[in-house]
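Subject: Structure for your review

Dear colleague,

Please find below the structure that I would like to hand over to you. My notes on what was found in it follow directly after it.

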Amino acid sequence: MRFAVRFKHLFALWALVLVSGVVTAPAQDSAAPKNPSEIVTTHSFVSLDPVPRGKEFQAAIVVKIATGYHMNSHKPSDSYLIPTTVTPQLPAGFTLAEAIYPAGRDEKFPFSPDKPLNVYSGSVTLRLRLTADNSVALGAATIPVTLRFQACNMSACLPPVKVPVSLELQVVAAGASTHAAHPEIFSAKPSS
Amino acid sequence: MAMNKAVRTLSTAVLFSVVMLGFSGCKGGSPSTGSGGTPAPLADEPDVTFKDLQGKDVTLASFKGKVVLVNFWGTWCEPCRGEIPILIAMQQKYGPKGFTLLGAATNDEEKAVDTFIHTTQFNVGGQQMTMNYPIVMGSDDISNKFGGLLGMPTSFLITRDGKIAKRYIGSLNENQVVKDVESQL
């Protein structure tokens, strides 16, 4: 009997907890953008395997943008818009010749019906032309790269974010044999 | 004996649930820190102090007695810019009736915001106008006091007694926000 009373009280408390959970549960809003990590995924590739010292190679960062989202291109339509950039933090001995960005596409959006914005959407490949000189240690090397972008959906934008990307490569002596890797990426013309 | 054990187990489960719900209710965060795509519960009456462009404190409480639409925006945010003509028109129409917009520039630099608000013209019903409502600086701490921002623009309708009546994520629906503001005046 005593147990029945205590159980009744506990059940009431449990019900209260469940009800409070319902009351405090956040409302879903279809306009709310996703977390940046759900919007953009990145994969990195290197054009030579291994990379001989002194021989120029390329790195590609393939950025997949979730359906319904876009990011400003490297050359956005207006100066106030934040461009997409890739910035390598080069270890000693590596040099950057150029960062290659594909042209964006002009698209109109509900929030900018008259003025098209130059954006990337779907998949975009950003490239870096790099060289490792004779001071770079032989063996495995990592080049950290920062991808900066600012993404929006059809009605809201996420703040600009910086995403770390890693380039992994093997460095060998100058003149050592190597082969072209990922020709499907590096032989293609840069496009968005 | 077995019954007592069952009661203790149930008690522990209930206590755990209460604690976990308490934590979930406190969740804040911003998109840049990975809060996920679900809006947090609305704060009841946010105790917020903004900084204006001269660095002076502006408390939300100082607007008590007025209906306030706090609009989190950024100069870099195209949808935010797109709705500014609506906000200017609302300030013009409802300002004399006890309403004010409060623009909270977020992820921006004060200098860029200052230049923007004094130089950028917007077409408001065929008339070129600059922003005609108070502008303050937002921050992650401030947006967390509103329950966290999932994107911009995000606006909050504040009642005359300082409570959040409604949150709008993304571009405002003009008809809806006008209706909501009028219902508070």
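The side chains of Glu98(A) and Arg129(A) form a salt bridge, with a distance of 2.7 Å from N to O. Please keep in mind that this is a predicted model. With a relative accessibility of 35%, Glu98(A) is partly exposed. Arg129(A) is also partly exposed, its relative accessible area being 24%.

Over all chains, the structure contains seven salt bridges. Another of them joins the side chains of Lys115(A) and Asp78(A), at 3.0 Å from N to O. This pair, too, links distant parts of the chain: Lys115(A) is in strand β9 (residues 112-120) of chain A, while Asp78(A) is in the loop between β5 (70-72) and β6 (85-88) of chain A, 37 residues apart. Lys115(A) has a relative accessible area of 32% and is partly exposed. Asp78(A), with 25%, is partly exposed as well.

I now turn to chain B.

Chain B has five helices and nine strands. Starting at the N terminus, its elements follow the order α-β-β-β-α-β-α-β-β-β-α-β-β-α. Chain B has 185 residues, of which 49% count as buried. If one takes the contacts in chain B between residues at least 6 apart in sequence, 72% of them join residues at least 24 apart. The chain exposes about 8600 Å², and carbon and sulfur atoms supply 54% of this area.

Next, the sheet of chain B.

Seven strands of chain B form an open sheet with mixed pairing, in the order β2-β1-β7-β4-β3-β8-β9. The edge strands of this sheet are β2 (57-59) and β9 of chain B, each of which pairs on one side only. On average, and with direction ignored, neighbouring strands of the sheet are turned by 30 degrees against each other.

Strand β3 (residues 67-73) and strand β4 (residues 99-105) of chain B are parallel and are joined over seven bridges; the bridge partner of Leu69(B) in β4(B) is Leu101(B). By contrast, β3(B) and β8(B) run antiparallel and are joined by five bridges, and the partner of Phe72(B) in β8(B) is Thr154(B). The pairing of β8(B) with β9(B) is antiparallel and has five bridges; here Leu157(B) has Lys166(B) in β9(B) as its bridge partner. The hairpin of β8(B) and β9(B) has five residues between the strands, and Gly162(B) in this hairpin takes a positive phi near 85 degrees.

Which residues of β8(B) point one way, and which the other? Thr154(B), Phe156(B) and Ile158(B) point to one side, Ser155(B) and Leu157(B) to the other, and all are buried. Since five of the five residues of β8(B) are buried, this strand is largely enclosed by the rest of the structure.

Val177(B), Val178(B), Asp180(B) and Val181(B) are buried in α5(B). Viewed down the axis of α5(B), the buried residues fall within an arc of 165 degrees, so they line one face of the helix. Asn175(B), Lys179(B) and Ser183(B), on the other side of α5(B), are exposed. The cover over the buried residues of α5(B) includes β3, α2 (78-94), β4, β8 and β9 of chain B.

Asp180(B) forms a salt bridge with Lys166(B), and their closest N and O atoms are 3.1 Å apart. The pair links distant parts of the chain, with Asp180(B) in helix α5 (residues 174-184) and Lys166(B) in strand β9 (residues 164-169) of chain B, 14 residues apart. Asp180(B) is buried, with a relative accessible area of 11%, whereas Lys166(B) is partly exposed at 29%.

Yours sincerely,
A colleague

Technical notes. Residues are numbered from 1 along each chain as its sequence is written. Chains are lettered from A and ligands numbered from 1 in the order in which they are written. This is a predicted model: local features need pLDDT of at least 70, side-chain atom pairs count only at pLDDT 80 or more; totals for chains, interfaces and linings use all residues. Side-chain values use heavy atoms; hydrogens and water are left out. A salt bridge is a side-chain nitrogen of Lys or Arg within 4 Å of a carboxyl oxygen of Asp or Glu. Helices (H or I, at least four residues) and strands (E, at least two) are DSSP runs, numbered from the N terminus. Buried means under 20% relative accessible area, exposed over 50%, partly exposed in between (1.4 Å probe, protein chains only). Two strands pair if DSSP finds at least two bridges between them. Axes are lines fitted to C-alpha atoms, for helices over the stretch in contact, and angles run from 0 to 180 degrees between N-to-C directions. Contact means heavy atoms within 4.5 Å. Accessible areas come from the Shrake-Rupley method with a 1.4 Å probe; for residues, only the protein chains shown count as cover. The arc is that of the directions from the helix axis to the C-beta atoms.
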